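Student: I have a structure to look at, and I want to know what the terms rest on. Can we go through it together?

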Amino acid sequence: MAQPASVTEAAIDTRGLTKRYRGGQLAVDGLDLAVPRGSVFGFLGPNGSGKTTTIRMLMGLIAPTAGSARVLGEPMPSAVRGVLPRVGALIEGPALYGHLSGRDNLVRYDCADPTADPRTRGARVGQALERVGLAAAAGKKARAYSLGMKQRLGLAAALLQPRELLVLDEPTNGLDPQGMREIRALVRELAAEGTTVFLSSHLLDEIEQVCTHAAVMARGRLITQGTVGDLAEGVRGRLVVGTPDPPEAVRVLKENGIVGLVVDGDLVTGELPAQDPPDLAELNAALVRADVRVRSFGTQRGSLEDAFVALTGEGFDVDG
Ligand SMILES: Nc1ncnc2c1ncn2[C@@H]1O[C@H](COP(=O)(O)OP(=O)(O)OP(=O)(O)O)[C@@H](O)[C@H]1O
């Protein structure tokens, strides 16, 4: 039997999506994004690269200047009423009532959702609190919550109903390492249950830890997208040689075409040239022939950060 189009299509699909703010700022420029169903998709870029603007267009909060977006197979923003109940979103910090308890914030939120069944409300609120680890603190006023607890409460609000897609804008922003680990564990758990998760982050290691796929943004443009493995693999690894004779090692490696040599203590690292890279066994033999004592010899896999720097020619920690 043929699958309905909404199941076979990508969870998020944009064509030439563009946003120019009224002040003239081109925040998102011709974005073609394809988020496969079932993926944990990292939307990566430094501050100001256009991530939040994209998410706001995807959720129908602002209209694009040009281009189109489909979410769960439906055009946005025109199908926003039908799409939003199928999507859990955590955008720009949850809007909470400080004088209400965590539990009452969720009840209030659920009451405002016309698709939510009031008969199951109590049970669903309890489950969502349990899920994000706030069951014990459910009766506490939200203003007494730490930043991490507020973030988790926002996530609980997104989880009050089963969702096909979760859209999380910088879900670990401002959290301590323990809070970050908890959110990441929860994301993995949700993904394992089949929910597609689209999360933005400016943290490369976070994307490498939880995501199956990623897209990289810089100055409003999509630099690259694909599986995290492929993105990191596109970057050549660095050669790393451990030796008590760094000056001699540098000389021999240079003679054999290794570039960008750096000495750090007894470690010598360098880049393998893209054209005609030397055979690693031959390289090792050349070091030994020149009486360079070699303690360790190998290549280090390229990281997503290396990929970003290689693709944009700039460091990742750019403040917007
Ligand atoms: N309402 C607005 N009016 C005018 N310009 C805006 C508006 N919102 C964002 N911008 C600008 O658009 C660009 C992209 O901003 P956006 O918030 O989408 O980036 P981001 O990648 O989400 O960064 P951050 O992580 O800091 O939120 C920035 O240069 C920003 O200053």
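Here are some questions and answers on this predicted model.

Student: What makes up the chain?
Tutor: The chain has 12 helices and 15 strands. Its C-alpha trace spans about 80 × 50 × 45 Å along the principal axes.

Student: What makes a residue count as buried, and what percentage of the 320 residues do?
Tutor: A buried residue has 20 or more other C-beta atoms within 10 Å of its own. Of the 320 residues, 37% count as buried.

Student: Which helix gives the most to the shell around the ligand?
Tutor: Helix α2, residues 51-58, with three residues. The shell has 14 residues, and Tyr21, Ala27, Asn47, Thr52 and Thr53 come nearest to the ligand.

Student: How do the residues of that shell divide into nonpolar, polar and charged?
Tutor: Two are nonpolar, 11 polar and one charged.

Student: How do you describe the packing of α4 and α6?
Tutor: Two packed helices are described by the angle and the distance between their axes. For α4 (residues 102-111) and α6 (residues 147-158), the axes come within 10 Å and cross at roughly 35 degrees.

Student: Which residues make the contact?
Tutor: Gly102, Asn105, Leu106 and Tyr109 of α4 meet Leu153, Ala156 and Ala157 of α6. Five are nonpolar, two polar and none charged.

Definitions and conventions:
Residues numbered from 1 in each chain as written. Predicted model: local features only at pLDDT ≥ 70, side-chain atom pairs only at ≥ 80, totals over all residues. Near = placed C-beta within 6 Å. Helix = DSSP H or I, 4+ residues; strand = E, 2+ residues; numbered from the N terminus. Nonpolar A, V, L, I, M, F, W, Y, C, P; charged D, E, K, R; others polar. Axes fitted to C-alpha atoms, helices over the stretch in contact; angles between N-to-C directions. Contact = placed C-beta atoms within 7 Å. Buried ≥ 20, exposed ≤ 12 C-beta atoms within 10 Å, placed from the backbone.
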